[in-house]
Amino acid sequence: MSKQLAAVIGVGQTHYRAKREDVSMPGLLREAIDRALADAGVTFDDIDAVVVGKAPDLFEGVMMPELFLAESIGAAGKPMMRVHTAGSVGGSTAIVAASLVQSGVHQRVLTVAYEKQSESNAMWALSVPVPFTMPVHAGAGGYFAPHVRSYIRRSGAPTEVGAIVAAKDRQNALKNPYAHLKNEGTTVESVLASQMLWDPVRYDETCPSSDGACAMVIASEDAVERAGIANPAWIHGQVMRSEPLTYAERDQVNPRAGRDAAAYLWKQTGITDPLREVDCAEVYVPFSWFEPMWMENLGFAEEGAGWKLTESGTTALDGDLPVNMSGGVLSSNPIGASGMIRFAEAALQVMGEAGEHQVDGAARALGHAYGGGSQFFAMWLVGSEKPG
Amino acid sequence: MRDVAIVGFAQRQMREFDGSPNCVELLVPILADLWEDTGWTKDDIGFWCSGSSDYLAGRSFSFVTAIDAIGAVPPVSESHVEMDAAWALYEAWLKIQTGEADSALVYGFGKSSASPLRRTLALQLDPYTMTPLWPDTVSIAGLQARLGMEQGVWDEKALAEVVARSRTAGADNEHAVRRDPLTVEDVLAEPLFADPLRRSDCAPVTDGAAAMIIAAADAPGLDRLQHSERTRATITGFAHSVDPSTLGVRDLLRSPSAHAAGRAAGTEGVEVAELHAPFSHQELILRRELRLVDDVSVNPSGGALCANPMFSAGLVRIGEAAKRIWSSEAHRALGHATSGPALQQNLVCVMEGSDQ
């Protein structure tokens with residue numbers, strides 16, 4: 001049996017903020033879900049199953065919160081699944097939802113990912129002492145900074161490349177009504193002048209901590225036609241790859257799981273020159289330097305040359321391969337949803353619904369997410385035309 | 001749908017692990033059992049999926065190190081659900097249906113004894129209105145059991161019969177943690193624990209892990225499987241559903257999600273049913289919702305009342321059902337999994353024996 005075609009027919013996002021104290025958890029999810037259903041022109045009655053994703057439950061202090069959320073997110077009386085694959089979870093959740101359609105089991109699936117970090121305390125949630133394990137006490141920035149230093153040493157990249165990424169993404173965020181950070185006047189110079197946190201990562205090169213949710217409706221080919229959606233985002237390919245945190249000769253700067261995942265995705269979608277054939281990309285960049293690092297890992301640039309795409313403006317909104325048109329993780333970061341936002345923003349581009357940050361004529365877009373210690377990768381490629 | 005069969009299963013269940021093993025130490029011996037049992041290796045597996053809980057482990061990202069048990073290279077196509085591994089099996093079954101994989105290894109693990117389980121599970125309730133009252137799992141089950149008694153749906157003897165039958169069957173299950181058989185009289189002589197429930201009406205707190213291999217009927221490598229004489233346990237129906245959480249809006253004597261899952265998976269004609277009922281009266285609810293007739297053999301493994309390893313107990317039910325097909329004791333069997341307070345979420349996997 002061959003895989004059934006599936007497409008995104010509706011996208012909904014909340015406004016991302018440090019603290020969404022105006023809504024409960026159900027209220028936050030419904031904000032995204034209601035927008036996704038309206039965008040798709042469907043109601044809860046049309047939804048066959050619901051797939052929920054989020055990062056650790058300790059971030060909100062609720063064990064398996066989808067259980068208490070089931071009724072308010074329209075899952076009662078239907079199949080509901082809860083995915084958790086670390087930082088890549090938003091992407092993995094979308095892939096599980098897509099597979100419910102691609103397998104031929106369902107016609108329309110609602111998927112939603114969220115984090116409401118203000119309900120709890122992320123630093124507490126990440127700092128629970130574990131028996132017989134030495135705590136890192138570094139936070140994510142302290143953990144990844146050595147990888148960035150290693151990248152700079154290996155590639156010989158100019159030190160301001162990270163600041164170029166940060167200034168670009170913060171400027172892009174000004175064109176995205178849902179973005180959390182709206183720091184007008186951010187320039188390469190102002191980023192370079194910001195506080196050094198974890199050398200070489202500065203304050204302005206770091207993602208925020210956000211509350212927010214993102215939802216999508218994924219439909220079969222038949223359901224797309226029945227919904228009368230003229231501009232769905234067809235799913236051309238998808239992939240997940242994982243590897244252990246440590247093993248001999250593991251390359252943490254350019255992890256094999258990411259390289260293998262990208263290679264599989266390009267092969268699956270018949271792409272031989274990603275830089276030329278992909279029109280834009282939403283890539284999981286929580287610290288600025290991960291843009292050039294992932295450009296190499298994804299195969300958009302040779303190893304050691306990713307920074308040239310950034311420096312030359314190729315990844316700018318008006319460049320040949322715009323990256324993180326929405327402002328990216330650097331501008332909005334509800335952790336469990338951040339991956340799904342990448343996947344959803346890629347869909348919006350090929351649907352032609354990205355508003356002020358739309359890339360003209362985007363026909364093929366990449367959504368990318370990663371998690372753990374650069375171990376878990378999830379990606380999809382969506383297109384304005386049916387694949388093949 | 002592609003025909004997918006359960007071809008390997010391994011489990012460990014115990015009252016408390018010695019020391020504080022991490023999930024890798026839990027899983028490596030179980031995966032080794034599977035490789036030895038099937039003759040397959042890591043290279044034969046197209047997709048990996050697991051189920052576990054951060055809250056049970058008492059830490060965030062607790063599943064991340066579990067993939068160390070798989071081995072380093074090459075990286076694997078892999079996913080994880082914050083659910084019982086029975087739902088990880090469902091995700092793996094989907095993956096095979098899409099054609100992206102031909103085989104999958106599914107595993108679940110949990111160390112329930114690390115915290116007061118009944119109190120930890122109170123964190124599954126509505127955090128704004130319910131959890132602050134700390135209604136624990138056993139007390140909620142007590143309310144449910146009491147309701148059934150007051151409405152004449154069951155009495156304490158009916159519950160004791162469920163326990164006695166389970167404990168008699170469990171005495172022969174080498175993996176059970178409660179292996180001493182009990183009679184109805186023994187059960188009724190026990191003091192009340194959470195009125196009207198006695199201790200043996202409630203599943204024991206159990207540590208454990210389980211793993212399963214499934215494969216499409218046309219998967220390469222099937223001819224290299226050991227036990228080729230085994231009747232293949234082919235999945236013929238697989239479905240799940242969830243009910244609202246709020247106890248006040250549910251009829252606690254019903255489980256509409258179990259009913260829906262059973263209807264979608266097709267329970268008619270099953271000879272064996274492995275039901276994930278952590279409390280004796282819940283087996284009676286499930287029998288009715290799944291429309292199991294009286295001569296269905298329920299929980300020949302002893303069921304959850306003899307061992308209930310959180311986040312793998314549902315997968316264990318499916319594995320135990322498959323074992324009855326492998327041994328040709330049954331031609332058609334079902335495995336069931338539950339999650340959430342008072343049978344909120346339910347999954348049914350129906351399988352049939354097929355000759356090679």
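Here are some questions and answers about a predicted model with chains A and B.

Q: Why is Ile96(B) called buried?
A: The cut-off for buried is 20 or more other C-beta atoms within 10 Å. Ile96(B) has 26 of them, so it counts as buried. You'll find Ile96(B) in helix H3 of chain B.

Q: Which residues does Ile96(B) touch, leaving aside its neighbours within four places in sequence?
A: Contact here means C-beta atoms within 7 Å. By that test, Ile96(B) is in contact with Arg2(B), Val4(B), Ala101(B), Asp102(B), Ala104(B) and Ala216(B).

Q: What touches Tyr370(A), not counting residues up to four places away in sequence?
A: Its contacts are Gly87(A), Ser88(A), Gly258(A), Tyr284(A), Phe376(A) and Phe377(A).

Q: How do you know that the span of helix H9 of chain A is close to what is expected?
A: The expected span is 1.5 Å times one less than the number of residues. H9(A), residues 256-268, has 13 residues, for which 18 Å is expected, and the helix reaches 18 Å from its first C-alpha to its last.

Q: What makes us say that the buried residues of H9(A) line one face of the helix?
A: The buried ones are Ala257(A), Gly258(A), Ala261(A), Ala262(A), Leu265(A) and Trp266(A). Looking down the axis of H9(A), you see them fall within an arc of 160 degrees, so they line one face. In general, an α-helix has 3.6 residues a turn, so residues three or four places apart point the same way.

Q: What covers those buried residues of H9(A)?
A: The cover includes strand S8 (233-242), helix H10 (274-277), helix H11 (290-297), S10 and strand S11 (376-383), which are elements of chain A. Just after H9(A) comes Gly270(A), with a positive phi of about 70 degrees.

Q: How many residues does each chain give to the contact?
A: Chain B gives 51 residues and chain A gives 52. On the side of chain B that touches chain A, H3(B) provides the largest share, 5 residues. That side of chain B divides into 22 nonpolar, 19 polar and 10 charged residues.

Note on methods:
Residues numbered from 1 in each chain as written. Chains lettered and ligands numbered in written order. Predicted model: local features only at pLDDT ≥ 70, side-chain atom pairs only at ≥ 80, totals over all residues. Contact = placed C-beta atoms within 7 Å. Helix = DSSP H or I, 4+ residues; strand = E, 2+ residues; numbered from the N terminus. Nonpolar A, V, L, I, M, F, W, Y, C, P; charged D, E, K, R; others polar. Buried ≥ 20, exposed ≤ 12 C-beta atoms within 10 Å, placed from the backbone. Arc of directions from axis to C-beta.
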